[in-house]
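This report describes selected features of one protein chain. The sequence and the structure are shown first.

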Amino acid sequence: MDLRRLRYFVAVAEARSIGKAAELLRMAQPPLSVQIRKLEAEIGAPLFRRGTRGMDLTEAGQALLARASEALALATDGAEAARAVASGRRGRLSVGYMFVLANAMLPRLIPELRRAVPGIDLGFAELSASTREARVLDRSVTVALCMPAINHPEIQVARIGAQPFMLAMPIRSPLARLSSVPMEKLQGRPLIALPHPDHGPASSAVVPLLRRHQIVMPIASRVETVHSAMSLVLAGEGLAILPACAQLGAPRGIVFRPLRDVTDSLDIAVCWRRDSQSPLIGIFLKCAEKAAARI
């Protein structure tokens with residue numbers, strides 16, 4: 001049913017006059033009469049009858065009026081909702097995040113998003129090294145907070161910060177008594193390694209660091225997530241070289257120490273599909289940059 005005719009019908013019903021309704025609608029009276037007759041023909045019943053005080057609604061007209069007003073209100077709400085989503089003032093954003101960034105980023109990021117887009121509907125999904133790329137590509141998350149960035153031709157990346165490497169160890173380790181750990185102290189010690197998400201299991205984000213310092217650390221275990229690495233460190237299975245923000249979620253019994261004379265770091269990145277049209281991504285990126293700057 002034509003929404004324009006419904007508006008004309010409601011105007012006539014409220015004004016109880018074709019002439020007054022035409023004035024309110026800023027149109028001539030004959031075209032308005034034509035549109036009312038076409039609506040009656042579409043309904044298959046008269047909607048008005050002439051009364052002593054003007055045009056009265058028939059029973060069919062009364063039935064249509066309540067629903068017409070509701071339909072017009074819904075159409076207006078729908079149009080406004082579409083404009084709000086298109087402008088980034090409202091909408092749903094599914095945020096994926098890697099565990100290592102949860103404690104560092106989410107408590108800072110979420111309030112920023114709520115302030116920037118009060119009407120936003122947020123959803124969250126934890127990602128791992130093996131799931132993050134697929135979750136972005138299949139659109140189950142709109143944006144992903146990653147460390148390091150995803151390397152894929154269909155995924156756009158914005159680097160918003162970086163975290164230096166630190167050594168995670170049990171509090172009872174002799175190295176825990178040092179304020180910073182020289183690289184040579186790691187020689188021969190077992191390593192709990194995290195694979196680089198974009199390479200095979202023989203690769204790790206810390207391999208270049210160890211190679212440059214000519215340090216050999218036998219790999220005791222290779223795990224997929226930072227919390228798995230910290231669990232094995234706590235169990236005494238080895239040491240882990242992790243980004244500094246990992247200490248925010250460290251269990252009791254694990255300490256972090258900086259590596260002396262080491263400037264290597266891991267990028268924090270926001271990743272999303274290149275073909276995504278969501279206007280919320282730009283807003284999310286600005287909020288994420290602010291949150292990352294406060295870690």
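## Helix 3 and the residue after it

Gly-44 follows helix 3 and has a positive phi, near 90°. The structure described here is a predicted model. Helix 3 itself comprises residues 29-43. Its 15 residues should span 21 Å at 1.5 Å a residue, and the distance of 21 Å between the end C-alpha atoms agrees with this.

The buried residues of helix 3 include Leu-32, Ser-33, Gln-35, Ile-36, Leu-39 and Glu-40. These residues cover an arc of only 160° around the axis, which puts them on the same side of helix 3. On the face turned away from this buried side, helix 3 carries the exposed residues Pro-30, Arg-37 and Ala-41.

Strand 11 is formed by residues 265-273. Seven of its nine residues are buried, so strand 11 is largely enclosed by the rest of the structure.

Two antiparallel pairings involve this strand. Strand 6, residues 155-170, is joined to strand 11 by nine bridges, and within this pairing Gln-156 stands opposite Trp-272. Strand 5, residues 143-146, pairs with strand 11 over three bridges, also in the antiparallel sense. Here Ala-144 stands opposite Cys-271 of strand 11.

## Backbone features in the loops

Most residues other than glycine have a negative phi, and most peptide bonds are trans.

The loop between strand 5 and strand 6 contains Pro-148. The peptide bond joining Met-147 to Pro-148 is cis, with omega at about -5°. Gln-214 has a positive phi, near 55°, although Gln-214 is a residue other than glycine. Its place is in the loop between helix 7 (207-212) and strand 8 (219-222).

Asp-261 counts as exposed, at 71% relative accessibility.

## Cavities

Rolling a probe the size of a water molecule over the atoms shows where empty space is left. In this model, two cavities of 30 Å³ or more are counted. The second largest cavity has a volume of about 30 Å³.

The lining of the second largest cavity consists of Phe-99, Val-100, Asn-103, Val-226, Met-230, Cys-245, Ala-246, Leu-248 and Gly-249. Helix 5 (99-116) and helix 8 (226-234) are the elements that give two or more residues to this lining. Helix 5 provides the largest share, three residues. By class, the lining has seven nonpolar and two polar residues, and no charged residues.

His-227 is a residue of helix 8. At 30% relative accessibility, His-227 counts as partly exposed, a value between the cut-offs of 20% and 50%. The C-alpha atoms of His-227 and Pro-251 are 8.9 Å apart in space, and the two residues are 24 apart in sequence.

Ala-244 is placed in the loop between strand 9 (240-243) and strand 10. Its relative accessible area is 10%, and Ala-244 is buried. A separation of 69 Å lies between the C-alpha atoms of Ala-244 and Ala-13, which are 231 residues apart along the chain.

## Helix 9

Helix 9 consists of 14 residues, 280-293. From its first C-alpha to its last, helix 9 reaches 20 Å, close to the 20 Å expected at 1.5 Å a residue.

Which residues of helix 9 are buried? They are Leu-280, Ile-281, Phe-284, Leu-285, Cys-287, Ala-288, Ala-291 and Ala-292.

How values were computed. Residues numbered from 1 in each chain as written. Predicted model: local features only at pLDDT ≥ 70, side-chain atom pairs only at ≥ 80, totals over all residues. Heavy atoms only, no water. Buried < 20%, exposed > 50% of the residue type's maximum accessible area, 1.4 Å probe, protein only. Helix = DSSP H or I, 4+ residues; strand = E, 2+ residues; numbered from the N terminus. Pairing = 2+ DSSP bridges. Expected span 1.5 Å × (residues − 1). Arc of directions from axis to C-beta. 1 Å grid on protein atoms, 1.4 Å probe; cavity = no way out; pocket = protein on both sides within 12 Å on 5 of 7 lines; lining within 4 Å. Points joined across faces, edges and corners; volume = space filled by probe spheres on them. Nonpolar A, V, L, I, M, F, W, Y, C, P; charged D, E, K, R; others polar.
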